[in-house]
Protein chains: 2
Amino acid sequence: MALGKDYDYAAQECSIARALEIVGERWTLLVVRDALYGVRRYNDFLVHLKIPRAVLAARLQSLTEAGVLEKRRYQESPPRDEYVPTELGRALWPALRALGLWGRAFNPNARPMRTFHHADCGTELGSYGECRACGRAIDPEDVEMRPGPGLGPAEDPVSRALRAPRRLLQPLENQPQ
Amino acid sequence: MALGKDYDYAAQECSIARALEIVGERWTLLVVRDALYGVRRYNDFLVHLKIPRAVLAARLQSLTEAGVLEKRRYQESPPRDEYVPTELGRALWPALRALGLWGRAFNPNARPMRTFHHADCGTELGSYGECRACGRAIDPEDVEMRPGPGLGPAEDPVSRALRAPRRLLQPLENQPQ
DNA sequence: CAGCTCTGGTTCAGTGAATGAACCTTCCCT
DNA sequence: AGGGAAGGTTCATTCACTGAACCAGAGCTG
């Protein structure tokens with residue numbers, strides 16, 4: 001979503017509008033999604049999202065300023081930073097989950113791309129992010145993501161790494177190719 | 001969100017990206033939000049959202065083509081149409097609810113603008129629109145919206161009408177002023 | 001019947017954001 | 001010395017958003 005630089009719908013007295021001021025721009029929610037999937041590094045976002053470099057830099061910066069991601073130095077020489085979801089970023093999981101569920105409902109005969117399960121018991125999450133077996137909401141740390149039958153072949157290393165069953169927020173291992 | 005005309009992130013194999021193709025543009029989710037609040041008429045959207053006319057026309061058309069809203073003739077002479085959420089549009093309620101709750105979490109010391117309750121029991125809804133007491137998802141038809149302490153004075157008739165406690169999807173009465 | 005209003009648009013010029021390609025810098029490796 | 005990887009910045013072009021103006025059908029008013 002392209003917001004004007006004056007962020008006009010800040011005027012709206014509505015929490016939804018407030019949320020969209022932060023994450024409503026084009027690509028922003030996809031960056032957060034990848035961050036929750038475990039992507040942390042500039043190049044991995046770039047490869048996985050096929051996003052223009054300038055836009056990615058802008059989004060990472062604004063998300064960091066908003067407190068959704070945290071920029072963290074993970075090696076000094078050469079200096080390298082990674083972007084990690086904060087508590088606020090992790091709190092976007094229900095919204096992303098709901099959007100994904102709606103996107104699946106949108107084309108009903110499509111096979112699911114990924115399924116999400118309670119890591120402790122393997123039960124697939126319900127429509128409001130709860131474990132149907134345990135009957136309570138599951139934090140993203142305890143969600144296991146599994147590839148679904150709707151996924152095609154992986155074309156880049158990041159997509160390939162995200163094919164394996166894995167916990168949300170678990171950092172991507174950058175195997176040295 | 002400004003999508004290119006070729007909708008590039010259609011390529012993403014992800015239900016979230018699919019959803020954002022439809023509702024990811026700037027203003028789109030706010031139009032759907034208003035539709036769920038009971039706004040149905042072009043002019044009411046215009047007044048309440050303060051959205052440019054051209055953008056509103058474009059959004060209403062694309063949402064109608066996507067099957068999120070339905071254009072319905074409500075009077076023949078002069079011909080007047082209203083836009084009503086379809087089943088697919090109503091299915092966006094959990095995502096909007098989750099986004100709104102996140103927007104509230106974003107500025108924690110702000111007072112809530114509106115609260116949403118299960119109409120049958122009065123319990124405030126959880127982050128996916130489920131009733132915490134009944135333990136199940138609540139259809140938007142059964143959700144009661146109440147004004148919260150964070151709302152300022154209403155400046156237009158539509159905002160004023162949306163101040164009263166009311167069910168979602170209940171059409172706005174256009175009082176003849 | 002002239003003129004005004006209400007509703008629901010369309011058109012248009014100006015602006016700002018997204019895009020993709022090219023370039024840059026620092027560091028490491030050989 | 002040369003090459004490559006990571007993480008950016010810069011730039012011209014394209015595209016969408018913005019706000020104001022304009023338009024058209026229908027009813028109301030005098």
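This is a predicted model: local features need pLDDT of at least 70, side-chain atom pairs count only at pLDDT 80 or more; totals for chains, interfaces and linings use all residues.
**Figure 1. How chain A superposes on chain B.** For background, any two copies of a chain are related by a rotation about an axis and a shift along it.

**Figure 2. The surface through which the copies meet.** Of the interface residues of chain A, 93% are also interface residues in chain B, so the copies meet through the same surface.

Figure 3. A search of the whole structure turns up 0 disulfides over all chains. A:C131 has 0% relative accessibility and so counts as buried. In chain B, the sulfur of B:C121 has its closest cysteine sulfur in B:C131, at 3.6 Å, which is also too far for a bond. B:C121 counts as partly exposed, with a relative accessibility of 39%.

**Figure 4. The largest nonpolar core and B:V68.** This core has 94 residues, and those with the most contacts inside it are A:V68, B:V31 and B:V68. In soluble globular proteins, nonpolar side chains tend to be buried together. Zooming in on B:V68, and leaving aside its neighbours within four places in sequence, you will find A:W102 from chain A among its contacts. The contacts of B:V68 in chain B include B:I22, B:V32, B:L63, B:V84, B:P85 and B:L92.

Definitions and conventions:
Residues are numbered from 1 along each chain as its sequence is written. Chains are lettered from A and ligands numbered from 1 in the order in which they are written. Side-chain values use heavy atoms; hydrogens and water are left out. Contact means heavy atoms within 4.5 Å. A disulfide is a pair of cysteine sulfur atoms within 2.5 Å. Buried means under 20% relative accessible area, exposed over 50%, partly exposed in between (1.4 Å probe, protein chains only). A nonpolar core is a set of buried Ala, Val, Leu, Ile, Met, Phe, Trp, Tyr and Cys residues joined through side-chain atoms within 4.5 Å.
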